[in-house]
Amino acid sequence: MAKKQQPSLQRLSEQFSSEQPDLWAAILGSVHTAPAEQRAVARSVVKEILSSTASRYANAFYVQTEALYPLRPFAAYSISAIGPALPTFAKRASKQREKTVLGWVYCFLQSAGEQALLDAFEASIAAWITD
């Protein structure tokens, strides 16, 4: 009997449709010019996306981000500065939608160079993504 593969953020990202606009490129081209500020904006966007579309993961993300970035975990941003690059997710069954959102989070934070945060976040939600 074949052993079922454990879900991971990376595996979820392989199922994620990359038809979304490139949000990281939009942040790099926005009014946020300092690299640390750009990454703080990226973390803020992820927190907001999780809060609105996959809320059971939002607190775990917040906790891991605060632990890794105690001085500047998040940054305020202007939606107009990054505009149409913000992702939209189809209204589908909640578990499928959550996994699509997590796949997007992985792709986006990987682009932003946040591998340590991704690893910590994945470790903190490992039991949930197996549901």
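How many aromatic pairs does a search of the whole structure find? I ran that search and got 6 aromatic pairs. A reminder to myself before going on: this is a predicted model.

**Entry: Tyr62 and Phe74**

I looked at this pair to begin with. The ring centres of Tyr62 and Phe74 lie 5.5 Å apart and the planes meet at 15 degrees, so I put the pair down as stacked. Planes under 30 degrees apart count that way. Then I checked where the two residues sit. Tyr62 belongs to helix α4, residues 58-68, while Phe74 is in the loop between α4 and α5 (79-82). They are 12 residues apart, and the pair links distant parts of the chain.

Next I asked: is Phe74 buried or exposed? Phe74 is buried, as its relative accessible area is 13%. Tyr62 comes out as partly exposed, at 34%.

**Entry: Trp104 and Phe108**

I moved on to helix α6, residues 94-111, which holds both Trp104 and Phe108. They are 4 residues apart, about one turn of the helix. Their ring centres are 4.9 Å apart with the planes at 15 degrees, so I noted this pair as stacked too. I looked up burial for each of them. Trp104 is buried, with 4% relative accessible area. Phe108 also counts as buried, at 4% relative accessibility.

Which residues form one aromatic cluster with Trp104 and Phe108? I found Trp24 and Phe89 in that cluster.

**Entry: charges over rings**

I also went looking for charged side chains above aromatic rings. Phe74 turned up again: the charged end of Lys47 sits over its ring, 4.4 Å from the centre. So Phe74 has a stacked ring partner in Tyr62 and the charged end of Lys47 over its ring. I noted another case at Tyr69, where the charged end of Arg43 sits over the ring at 3.6 Å from its centre.

**Entry: Ser30**

Last, I left the rings and picked a serine. Ser30 is in the loop between α2 (23-28) and α3 (35-53).

What does the side chain of Ser30 reach? I traced it to the backbone oxygen of Ile27, at 2.7 Å. Leaving out residues up to four places away in sequence, I found that Ser30 touches Ala81 and Ile82.

Note on methods
Residues are numbered from 1 along each chain as its sequence is written. This is a predicted model: local features need pLDDT of at least 70, side-chain atom pairs count only at pLDDT 80 or more; totals for chains, interfaces and linings use all residues. Side-chain values use heavy atoms; hydrogens and water are left out. Helices (H or I, at least four residues) and strands (E, at least two) are DSSP runs, numbered from the N terminus. A polar contact is a pair of N or O atoms within 3.5 Å; within protein, one must be able to donate a hydrogen and the other to accept it, and residues adjacent in sequence count only if both atoms are side-chain atoms. Contact means heavy atoms within 4.5 Å. Rings of Phe, Tyr and Trp (its six-membered ring) pair if their centres lie within 6.5 Å; planes under 30 degrees apart count as stacked, over 60 as edge-to-face and the rest as tilted. Buried means under 20% relative accessible area, exposed over 50%, partly exposed in between (1.4 Å probe, protein chains only). A charge sits over a ring if NZ of Lys or CZ of Arg is within 6 Å of the ring centre and within 35 degrees of the ring normal.
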